[in-house]
Amino acid sequence: MHNIYEISPSIYWIGGSDRRLERFENMFPLPNGVAYNSYLILDEKTAVLDTVDSSISALYLENITHALNGRSLDYLIINHMEPDHCANIEEIVRRYPNVKLVGNQKTFQLMRQYYSLDMSSNYYEVKEGNELSLGSHTLRFYFAPMVHWPEVMFTYETSKGILFSADAFGSFGAFAGNLFADEVEYDSYYLDEARRYYTNIVGRYGPQVQAIMKKLAGLKITMICSLHGLIWRGENISYILDKYDLWSRYVPEKKGVVLAYASMYGNTENVMNSLAIKLAKRGIKDMRMYDVSKTHPSYIISDVFKYSNVVFGSPTYNMHLYFMMDSLLRELAVLGIKNRNVTLLGNHSWSSAALKGMTEIVESMKEMTLVGTPIDIKSTLKPENEHELDAIADAIAESLKE
Ligand SMILES: Cc1cc2nc3c(=O)[nH]c(=O)nc-3n(C[C@H](O)[C@H](O)[C@H](O)COP(=O)(O)O)c2cc1C
C-alpha cells in the first residue's frame with residue numbers, strides 16, 4: 001500500500017522508513033531506525049528527486065506509481081549517488097524509459113561504476129547554477145562537492161524556495177508519522193541522533209559544509225528537504241542552520257566534560273571515576289562518561305563534538321594503546337575534530353605504551369589543547385598519586401572558565 005504526503009502544493013514526499021536495519025553503513029547502530037526521503041513534483045513536467053535504499057524499494061515504486069497517477073516520469077534528479085539513495089535508478093529507467101537522469105559529470109561517472117545497464121542515452125548533464133523548468137516550478141542546481149561525496153549537489157526550487165539538500169541537515173531515526181521538525185519535540189527526541197548522524201557521516205567535511213552554506217547564504221529558503229530525517233520549514237530552519245554552523249566549524253555547543261576510558265579490570269575506570277568526582281566537587285555539571293568497549297564510538301564521537309573538554313584514559317595492552325581506544329582516537333582524527341581541551345590518563349604495569357600512543361594521535365590533530373599534566377598510573381591509583389589527579393581536576397575546571 002502506497003504511503004505519500006503532500007508537503008507543499010504539488011510536491012510530495014514519497015520516501016519511507018526502515019526500522020529493521022541494524023547498522024547504517026554497516027557501522028552505526030540505528031536504535032530508532034532510519035528514514036529514506038524522496039520527493040516528487042507534479043507540474044507540466046514531472047520530476048522525482050533522488051530514490052531510496054533497496055530495503056524499501058517495493059513501497060517506493062508503489063508510491064511513485066500512485067503519485068504519478070498514470071503520468072510518465074520526465075526527470076529523475078540525482079543529488080547523491082550513494083547506494084542508500086540511488087538503489088532504484090535502474091528500475092525507474094526500466095519503468096520510464098524516456099526519463100532524463102539529471103546529474104553532473106561526477107554523478108554519471110559514479111553511475112557507470114555502479115550499474116551495468118547502459119543508461120547514457122538518459123543522461124541530462126547540468127552545470128553549477130543551471131536551471132530546469134518543470135512549468136511553474138524551476139529547479140536550480142548548486143554543487144556541494146564532498147558534502148559527503150564528490151558528486152553531491154543541492155537542488156533549489158525557485159518559486160517556493162525549497163532546498164533539496166542531499167544528506168545535509170539529515171538525521172538517523174525513522175518517522176513516526178510526522179514529517180516536519182516543528183511537529184516533534186526535536187530537542188529531546190531527535191537532536192542527539194541528528195548530531196550523531198552529522199558528526200559521524202559528514203563530520204570530516206566541515207570546510208565543505210561551510211562552503212555550501214556560504215554559497216546559499218543569500219537564498220530565500222522556506223523549506224529544507226534532506227534525504228534522511230525530518231523536513232525543516234519556516235522559522236525552524238535557522239535552528240538547524242545554526243547547529244550546522246557550529247558543527248562544521250568544530251565549535252563546541254557546550255562547555256562541559258566527556259570522559260571516555262578503556263579498562264579491562266576496572267583500574268583505569270576507577271581513575272576516571274575519581275577524576276569525575278573531583279570535577280563534580282569543583283562545580284562541573286552534566287558530565288558524560290563512556291566505556292569505549294561498551295558504548296559504540298559514534299555516540300562518544302557525537303558528544304566529543306558537543307562538549308568543550310574530553311578526558312581519555314587507557315591501559316597499555318601488549319605494548320600498545322588498548323585497541324578500542326586506539327580506534328576511537330583514530331576515528332576522531334579522521335573526522336578532523338579540532339579545537340577541544342584534551343586530558344590524557346594512561347595506565348600500565350611494566351612497560352608503558354598507552355599514554356605515548358594517545359599523545360601521538362592527539363598531537364596529530366589540529367588545535368587541540370592539552371589540559372593538565374598527563375599521568376601514567378602504575379596499575380592502580382594510589383593515595384600518594386591523588387595530588388596529581390587533583391591538579392588535573394583544577395586544570396580542567398580552570399579551562400572551563402576561559
Ligand atoms: C592482556 C594484557 C596485556 C597487557 N600488556 C601490558 C603491556 O604491554 N605493558 C604494560 O605495562 N602493562 C600491560 N598490561 C597491564 C595493564 O596495562 C594493567 O593491568 C592495567 O592496570 C590494566 O588496567 P585496567 O584494570 O583498567 O584494565 C597488560 C594487561 C593485560 C590483561
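These legends accompany close-up views of a predicted model.

**View 1. Two domains of one chain.** The protein chain splits into domain 1, residues 5-248, and domain 2, residues 256-401. Their C-alpha centres lie 38 Å apart. Eleven residues of domain 1 are in contact with ten residues of domain 2.

**View 2. The side of domain 1 that touches domain 2.** Two elements each give two or more residues to this side: β5 (28-29) and α6 (191-202). The largest share comes from α6, with five residues. By residue type, this side of domain 1 holds three nonpolar, four polar and four charged residues.

**View 3. The seven-stranded open sheet.** Seven strands line up in the order β1-β2-β7-β8-β9-β10-β11. Their pairing is mixed. Neighbouring strands are turned against each other by 30° on average, direction ignored. The edge positions belong to β1 (5-8) and β11 (123-125). Each edge strand has a single partner strand, so one side of each has no neighbour in the sheet.

View 4. Tyr5 has Trp13 in β2 as its bridge partner. Two residues lie between the strands of this hairpin. In the turn, Ser10 has a positive phi of about 70°.

**View 5. The β7-β8 pair.** Strand β7 covers residues 39-42, and strand β8 covers residues 46-49. The two run antiparallel and are joined by four bridges. Leu42 is bridged to Thr46 in β8.

View 6. Strand β9 (residues 75-77) pairs with strand β10 (residues 100-103) in the parallel sense. Three bridges hold this pairing. Ile77 stands opposite Val102 in β10. β10 also pairs with β11 in the parallel sense, over three bridges. Here the bridge partner of Gly103 is Glu125 in β11.

**View 7. The six-stranded open sheet.** Six strands follow the order β12-β13-β14-β15-β16-β17, and the pairing is mixed. At the edges stand β12 (131-133) and β17 (232-233). Each has a single partner strand, so one side of each lacks a neighbour in the sheet.

**View 8. The β15-β16 pair.** Strand β15 takes in residues 162-164, and strand β16 takes in residues 223-225. They run parallel, joined by three bridges. Ile162 stands opposite Met223 in β16.

**View 9. The annotated stretch, residues 257-397.** An unreviewed UniProt entry lists these residues as "domain: Flavodoxin-like". Over this stretch the chain is 42% helix and 27% strand. The end C-alpha atoms are 10 Å apart.

**View 10. The shell around the ligand.** The ligand is surrounded by 19 residues. The closest are Met264, Tyr265, Asn267, Thr268 and His348. By type, the shell divides into six nonpolar, twelve polar and one charged residue.

Terms used
Residues are numbered from 1 along each chain as its sequence is written. This is a predicted model: local features need pLDDT of at least 70, side-chain atom pairs count only at pLDDT 80 or more; totals for chains, interfaces and linings use all residues. Two strands pair if DSSP finds at least two bridges between them. Axes are lines fitted to C-alpha atoms, for helices over the stretch in contact, and angles run from 0 to 180 degrees between N-to-C directions. A residue is near a molecule or strand if its C-beta atom, placed from the backbone, lies within 6 Å of it. Ala, Val, Leu, Ile, Met, Phe, Trp, Tyr, Cys and Pro count as nonpolar, Asp, Glu, Lys and Arg as charged, and the others, Gly among them, as polar. UniProt positions are given in the numbering used here, feature names are shortened, and annotations may be inferred rather than shown by experiment. Domain bounds come from an automatic or database domain assignment. Two residues are in contact if their C-beta atoms, placed from the backbone, lie within 7 Å.
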